Amino acid sequence: MKYVKYIRWTLVVLYIGFILSQTIIGRGLHPEPIFKGLFWEVQNGMWPDIRLNILLFIPLGFLIGGWKGLVAGFGLSCGIELVQYFGRLGYCEMDDVLNNTIGAGVGVILFEIGRIIVGLIMGIKKSRGCLK
């Protein structure tokens, strides 16, 4: 079990690196910070961006799980938006924070469903005498 925890947190760190590569690293500078308020993407029909922001954070919520996965998704998203704003590396959008947090929440839900399924399978195997 020790190795599972090590592998899991290694995957979390690697995936955060991937998220940063998609949101901050390699972006060009804007002449000034750009801020977009809540529901700006919805008002402009940017549905592909909304979907991508949700999908991007599902694995993070799944890898961390529980309330920590939701808090990590929210915190990382806030950090990214602050860096984008103050570093002039893209649009600072409140929609992104909302959508990324929703994605992390979906990942947490999937993690919990998976945990329940594994628990049921292990319980069935144990009751049949397959496990000691």
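The residues lining the second largest pocket split into six nonpolar, five polar and six charged. Here Ala, Val, Leu, Ile, Met, Phe, Trp, Tyr, Cys and Pro count as nonpolar, Asp, Glu, Lys and Arg as charged, and the others, Gly among them, as polar. The model is a predicted one, where local features need pLDDT of at least 70 and side-chain atom pairs count only at pLDDT 80 or more, while totals for chains, interfaces and linings use all residues. Residues are numbered from 1 along each chain as its sequence is written, and side-chain values use heavy atoms, with hydrogens and water left out.

Back to the pocket. A pocket is an open set of points on a 1 Å grid over the protein atoms alone, where a 1.4 Å probe fits, with protein on both sides within 12 Å along at least five of seven lines; lining residues have an atom within 4 Å of a point. The second largest pocket holds about 330 Å³ of space, a volume being the space filled by probe spheres set on the points, which are joined across faces, edges and corners. Its lining has 17 residues, and Gln22, Thr23, Arg27, Asn53 and Asp96 lie nearest the centre. At least two lining residues come from each of H1, H3, H4 (66–86), S2 and H5 (94–127); helices (H or I, at least four residues) and strands (E, at least two) are DSSP runs, numbered from the N terminus. H3 gives the largest share of this lining, five residues.

Helix H3 itself covers residues 47–64, and its 18 residues should span 26 Å at 1.5 Å a residue, which agrees with the 27 Å between its end C-alpha atoms. The expected span is 1.5 Å times one less than the number of residues. Among the buried residues of H3 are Asn53, Phe57 and Leu60; buried means under 20% relative accessible area, exposed over 50%, and partly exposed in between, with a 1.4 Å probe and protein chains only. Leu60 and Ile19 sit 41 residues apart in sequence, and their C-alpha atoms are 9.2 Å apart in space. Ile19 belongs to helix H1 and is buried, at a relative accessible area of 0%.

Next come the aromatic rings. There are four aromatic pairs in the structure; rings of Phe, Tyr and Trp (its six-membered ring) pair if their centres lie within 6.5 Å, and planes under 30 degrees apart count as stacked, over 60 as edge-to-face and the rest as tilted. Tyr15 and Phe18 make a tilted pair, because their ring centres are 5.5 Å apart and their planes meet at 40°. These two are three residues apart in helix H1 (residues 2–23), so about one helical turn separates them. Tyr15 counts as buried at 16% relative accessibility, whereas Phe18 counts as partly exposed at 39%. Trp40 and Tyr91 form an edge-to-face pair, 5.9 Å centre to centre with 70° between the planes. This pair links distant parts of the chain, with Trp40 in helix H2 (residues 40–43) and Tyr91 in strand S2 (residues 91–93), 51 residues apart. Tyr91 is partly exposed, with a relative accessible area of 32%. The charged end of Lys36 sits over the Tyr91 ring, 5.6 Å from its centre (a charge sits over a ring if NZ of Lys or CZ of Arg is within 6 Å of the ring centre and within 35 degrees of the ring normal).
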